[in-house]
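Please look through the sequence and the 3D model shown below before reading on. The report after it is meant to be read with both in view.

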Amino acid sequence: MPFAAQVIAGLVLGVVFGMIARGIGELPNGDPNWLTSTLTEIGNIFVTLLRVIVVPLIVTAVIASIANLRGVSGAARLAGKTLLWFGITALIAVSIGMALGLIFRPGENTTVAASAAEAVDTQGGWWDFLTGLVPGNILALEGGDSGVSFNVLQLLVISVAIGIAALKVGKAAEPFLAFNRSLLAIVQKVLWWVIRLAPIGTLGLIGKAVASYGWDSLASLGMFTIAIYVGLLLVLFVVYPILLRANGLSPLKFFGGAWPAIQLGFVSRSSIGTLPVTEQVTVHNLGVPQSYAGFAVPLGATTKMDGCAAIYPAVSAIFVAQFFNVHLSITDYLLIALVSVVGSAATAGVTGAVVMLTLTLSTVGLPLAGVGLLLAVDPILDMGRTAVNVAGQALVPTIVAKREGLLDLKTYNTKRSGDPFDADAPVAPEPVLAGAARST
């Protein structure tokens, strides 16, 4: 069976098993039944394996990328254009979100009780961006209630610094760079083994989602949920194709290449967990050079969130304002747009849609207690938000590479095989930036 068919089969079986588990119900003591627990563990194990491979992949890929670019000025130019396109797409997404909030008026068309409003412990702040940039240790490890974890943004900073330092050292760093290239090849092979488990992981993740959340909680927040998903679908299937067409690229080829990562983002609800797949399909399916994708995709996984940081906070802020009868001025709407475009970077160290929403509400002066109103449907919304996030994280490097004359159009336009990528296939040729032809 082709790999894509395997993943679809896992998705269908996940829905079936999830419905069965939901029908069984909880145990008398309130614990999940055996089937729900099994689906949860299968999904958790798969996401954990992906998260484990993220650290060595980011470190080796970014160092190799900086070394391959061979020119800090070229890397700086690409980084600047990448961030510019992050901002452009975020601005479009937040504009759509605000328009939908005003059209659907979800805060006035809801049956959610005011007693559900409660403040949340985790909040976003503008200083989080600066503190998130500074590594607390060389491994970018962080301690928390759930144990030790890693800060992807800090890991990216460390890897970029090491890569630039290796370039500056020159010949003495060649053994280190050769070792890094070998380690990257090994990490990519291990990643491929993990990806082969995607059908089973998809079964567990979607099954757990159906069993745990179902659709019961949508009743009181139906208009809000519809507004969010309409916005996500508009960005994913209207805005992104228009941007691709404007840059001379086929939207069908893009979705055919990026779909494995988009699909995994939907079921896993984790941009970081999907990062290895996003990078691989961006290189092997879309034709973005590894030297650029290895830098741009990890950067996007921490700061490029059209779903979580643009559409969701825009609609949610308008919902809270309508619910509490707070009038928003033109200045408030401009602030919402500004926070959505810039704020994802400001919360990169503590990424999350809830954190982004608290930052938006506090900036505009809306009650933070409004966050508690929306938590009931957050897991269901998070699936769509993450899918759009992942699509944008693959889209921007593809567009920038095309505009810079670096995109391998033969790879981009190749008819997709059954596998999301061939681990042994040649990747897009590495560019010589100094003489690269750039399209206007």
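## The model and its overall make-up

This is a predicted model, in which local features need pLDDT of at least 70 and side-chain atom pairs count only at pLDDT 80 or more, while totals for chains, interfaces and linings use all residues. Residues are numbered from 1 along each chain as its sequence is written, and side-chain values use heavy atoms, with hydrogens and water left out.

The chain holds 17 helices and two strands, where helices (H or I, at least four residues) and strands (E, at least two) are DSSP runs numbered from the N terminus. Of the 440 residues in the chain, 53% are buried; here buried means under 20% relative accessible area, exposed means over 50%, and partly exposed lies in between, with a 1.4 Å probe and protein chains only. A contact means heavy atoms within 4.5 Å, and among contacts between residues at least 6 apart in sequence, 83% join residues at least 24 apart.

Helix H6 covers residues 174-195, and at 1.5 Å a residue its 22 residues should span 32 Å, which agrees with the 31 Å between its end C-alpha atoms. The expected span of a helix is 1.5 Å times one less than its number of residues.

Which residues of H6 are buried? They are Leu177, Asn180, Leu184, Val187, Leu191, Trp192, Val194 and Ile195. Seen down the axis of H6, these buried residues fall within an arc of 150°, so they line one face of the helix; the arc is that of the directions from the helix axis to the C-beta atoms. An α-helix has 3.6 residues a turn, so residues three or four places apart point the same way. The face of H6 turned away from its buried side carries the exposed residues Pro175, Phe179, Ile186 and Trp193.

Helix H11 spans residues 290-303, and its 14 residues should span 20 Å at 1.5 Å a residue, in agreement with the 20 Å between its end C-alpha atoms. Because 14 of the 14 residues of H11 are buried, the helix is largely enclosed by the rest of the structure.

Lys304 has its place in the loop between H11 and H12, and it counts as buried at 2% relative accessibility. Leaving aside residues up to four places away in sequence, Lys304 touches Trp85, Phe86, Thr89, Ala90, Leu299, Asn389, Gly392, Gln393 and Val396.

Two packed helices are described by the angle between their axes and the distance between the axes. The axes are lines fitted to C-alpha atoms, for helices over the stretch in contact, and angles run from 0 to 180 degrees between N-to-C directions. The axes of helix H9 (residues 251-268) and helix H16 (residues 378-403) come within 8 Å and cross at roughly 145°. This crossing of H9 and H16 is right-handed; a crossing is left-handed if the near helix is turned anticlockwise from the far one by less than a right angle, and right-handed if clockwise. The contact involves residues including Phe254, Ala258 and Gly265 of H9 and Met383, Val390 and Thr398 of H16. By class, the contact of H9 with H16 has eleven nonpolar, four polar and no charged residues, where Ala, Val, Leu, Ile, Met, Phe, Trp, Tyr, Cys and Pro count as nonpolar, Asp, Glu, Lys and Arg as charged, and the others, Gly among them, as polar.

The axes of helix H8 (residues 222-246) and helix H12 (residues 307-323) come within 10 Å and cross at roughly 145°, and H8 passes H12 in a right-handed crossing. Among the residues making this contact are Phe224, Ile228 and Leu232 of H8 and Ile311, Tyr312 and Phe319 of H12. The residues of the contact of H8 with H12 divide into nine nonpolar, three polar and no charged.

## Two arginines in loops

Arg105 lies in the loop between helix H3 (72-104) and helix H4 (127-133), and although it is not a glycine, it has a positive phi of about 45°. At 31% relative accessibility, Arg105 counts as partly exposed.

Arg269 is placed in the loop between H9 and helix H10 (271-284), and it has a positive phi of about 60° although it is not a glycine. At 28% relative accessibility, Arg269 counts as partly exposed.
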